[in-house]
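The following note sets out several points for a colleague who is examining the coordinates. Each point may be checked against the structure shown below.

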Amino acid sequence: MDSVGVAAAAPDAGPGPAWQSKCPWGAPSTTSISCSLADVMSEQLAKELQLEEENAAFPEVVAAAEGPFITGENIDTSSDLMLAQMLQMEFDREYDAQLRREEKKINGDSKVSISFENYRKVHPYDSDSSEDEVDWQDTRHDPYRADKPTTTPRRGFIGKGKDITTKHDEVVCGRKNTARMENFAPEFQVGDGIGMDLKLSNQVFNALKQHAYSEERRSARLHEKKEHSTAEKAVDPKTRLLLYKMVNSGMLETITGCISTGKESVVFHAYGGNATEDKVIPPECAIKVFKTTLNEFKNRDKYIKDDYRFKDRFSKLNPRKIIRMWAEKEMHNLTRMQNAGIPCPQVVILKKHVLVMSFIGQDQVPAPKLKDVTLNSEDMKKAYYQILNMMQQLYRECNLVHADLSEYNMLWHDGKVWLIDVSQSVEPTHPHGLEFLFRDCRNVSQFFQKGGVAEALNERELFNAVSGLNITADNEVDFQAEIEALEKMNEDHVQNHGKKLSTFSSDGDPPIYDE
Ligand code: ADP
Ligand code: MN
């Protein structure tokens with residue numbers, strides 16, 4: 001829906017100047033009437049709105065722009081697209097507010113209520129500023145709430161003798177028409193007219209009705225289009241704005257498209273833009289957008305909840321902030337890996353829940369996952385030893401366990417394996433760190449054993465080789481039990497000493513395996 005509420009009368013938008021001049025209380029100073037976005041954009045009005053919208057309606061946009069690569073001064077809103085986005089967002093918000101008023105009016109004090117939730121443009125957790133906005137439901141007195149206008153009863157007339165009024169009476173008709181506006185689709189903006197003693201002539205009412213129906217159809221079409229566009233489906237308006245800003249600031253040249261849509265994230269490809277004083281932007285970038293919906297993050301809180309690095313922050317946070325923490329975690333973990341020389345994407349910048357990193361691949365084609373590439377036996381063996389080394393480096397130098405290591409999160413590029421997807425990685429002393437490591441080892445062992453690498457250690461040998469621990473159990477169940485016992489010991493230590501063991505006790509440094 002790309003209509004925008006502006007203080008201007010659109011020619012086709014129902015009540016024209018005629019009723020305005022007839023209004024007993026005079027013409028309203030700001031009449032919110034829908035008109036097409038194109039109309040607005042084509043006028044110089046856009047210029048004025050731009051300033052006004054930015055400064056007044058979008059204080060948080062300017063605030064959000066503070067950062068290493070975008071500052072308040074250099075937001076370039078001369079881009080039509082950008083401006084359109086901002087207008088659209090403001091419109092969506094106003095529209096939702098109107099919807100809430102409608103909803104409240106209909107529900108009244110009734111015990112049974114209906115919800116317009118599904119008609120909303122911006123959903124509660126999609127709105128960044130939702131936490132600082134006034135919750136309308138807490139407002140005892142709704143200034144928008146007015147008494148219902150009275151209408152004539154069914155039989156078509158009211159009163160007696162000389163005072164009889166029929167349904168054709170101009171005043172009654174007008175009131176009735178006004179009341180009927182309630183029957184328009186909820187997305188049709190009728191303003192506050194319903195609540196007032198407003199009388200619409202039949203002609204105006206019919207024009208409005210027509211307009212409401214065509215609006216409804218247009219909105220349905222637009223919704224359909226929206227559903228079918230990957231990018232639109234993938235990111236909410238706030239995220240889109242973040243991405244546009246990255247392009248507008250020149251940090252990114254263009255965002256070319258979506259590489260992957262997962263449960264927890266969406267990854268885009270982009271061409272890098274201009275370097276800044278302190279940053280060289282890679283020629284090709286991957287943008288990982290962490291999804292800001294409630295459902296998925298729940299699957300993951302076992303990783304982050306027990307991670308002491310985030311422990312103090314976890315309980316106090318709202319879901320949106322927790323999602324940002326995932327992005328932050330991935331950034332920190334990638335940086336550790338980079339410092340250890342492990343092949344992995346290089347962090348470019350983190351903005352809220354959007355992580356920009358170097359692209360592994362070339363000319364928009366991402367490097368294949370290990371599960372999708374067919375390697376000759378020599379490369380397969382090479383890949384195996386490389387991974388073994390990387391796992392040891394990760395554990396010892398980065399103090400990390402990948403925790404989602406498998407052929408799905410390893411890319412084959414430039415004749416070597418690259419590790420990605422480390423937002424869920426934890427330190428080995430995480431309450432479940434060793435279990436995660438064991439699972440990683442199982443995935444790696446199975447993949448390479450099936451892939452015909454005769455040298456591949458089994459999962460238990462691999463676990464000991466990576467961790468430097470010496471668990472002797474010769475079967476899976478006992479091995480698992482010993483791992484859990486170690487984890488428990490560590491937890492007890494935390495309870496008694498208030499801090500973690502820096503590492504698990506081992507029989508010495510883990511052996512270095514090499515070709
Ligand atoms: P998810 O949590 O959705 O699995 P990933 O980080 O694994 O997130 O990214 C999903 C997919 O996007 C990967 O399998 C890979 O194909 C692609 N991808 C992610 N990061 C990059 C990158 N830096 N370069 C190239 N492709 C990437
Ligand atoms: Mn992945």
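1. Surface. The accessible surface of the protein comes to about 27100 Å², and 49% of this area belongs to carbon and sulfur atoms. The model is a predicted one, and the values below should be read accordingly.

2. Overall make-up. The protein has 515 residues, of which 45% count as buried. Its secondary structure consists of 16 helices and 13 strands. Among contacts with a separation of 6 or more, 66% are accounted for by residues 24 or more positions apart.

3. Metal site. Which residues coordinate the manganese ion (ligand 2)? The donors are OD1 of N409 and an OD atom of D421, at 2.2 Å. These two residues lie twelve positions apart and link distant parts of the chain. N409 belongs to the loop between α13 (377–396) and β12 (410–413), whereas D421 belongs to the loop between β13 (416–419) and α14 (433–450).

4. Are N409 and D421 buried or exposed? Buried means under 20% relative accessible area. N409 has a relative accessible area of 8% and is therefore buried. D421 also counts as buried, because its value is 19%.

5. Packing of α13 and α14. The axes of these helices come within 11 Å and cross at roughly 170°. Angles over 145 degrees count as roughly antiparallel, so α13 and α14 are assigned to that class. On the α13 side, the contact is made by M380, A383, Y384, I387, M391 and Y395. On the α14 side, L434, L437, D440, C441, V444, F447 and F448 take part. As to the spacing within such lists, an α-helix has 3.6 residues a turn, so residues three or four places apart point the same way.

6. Helix α12. This helix covers residues 319–339, 21 residues in total. From its first C-alpha to its last it reaches 30 Å, close to the 30 Å expected at 1.5 Å a residue. After α12 comes G341, with a positive phi near 80°.

7. Residue T239. Where is T239 found? T239 is part of helix α9, which comprises residues 237–248. With a relative accessible area of 1%, T239 is buried. When its neighbours within four places in sequence are left aside, T239 is in contact with V289, H353 and V354.

Methods
Residues numbered from 1 in each chain as written. Chains lettered and ligands numbered in written order. Predicted model: local features only at pLDDT ≥ 70, side-chain atom pairs only at ≥ 80, totals over all residues. Heavy atoms only, no water. Donors = N, O, S within 2.8 Å, 3.2 Å for Na, K, Ca; no water. Helix = DSSP H or I, 4+ residues; strand = E, 2+ residues; numbered from the N terminus. Buried < 20%, exposed > 50% of the residue type's maximum accessible area, 1.4 Å probe, protein only. Contact = heavy atoms within 4.5 Å. Areas by Shrake-Rupley, 256 points an atom, 1.4 Å probe, with all protein chains shown as cover. Expected span 1.5 Å × (residues − 1). Axes fitted to C-alpha atoms, helices over the stretch in contact; angles between N-to-C directions. Parallel < 35°, antiparallel > 145°, perpendicular 65-115°, else oblique.
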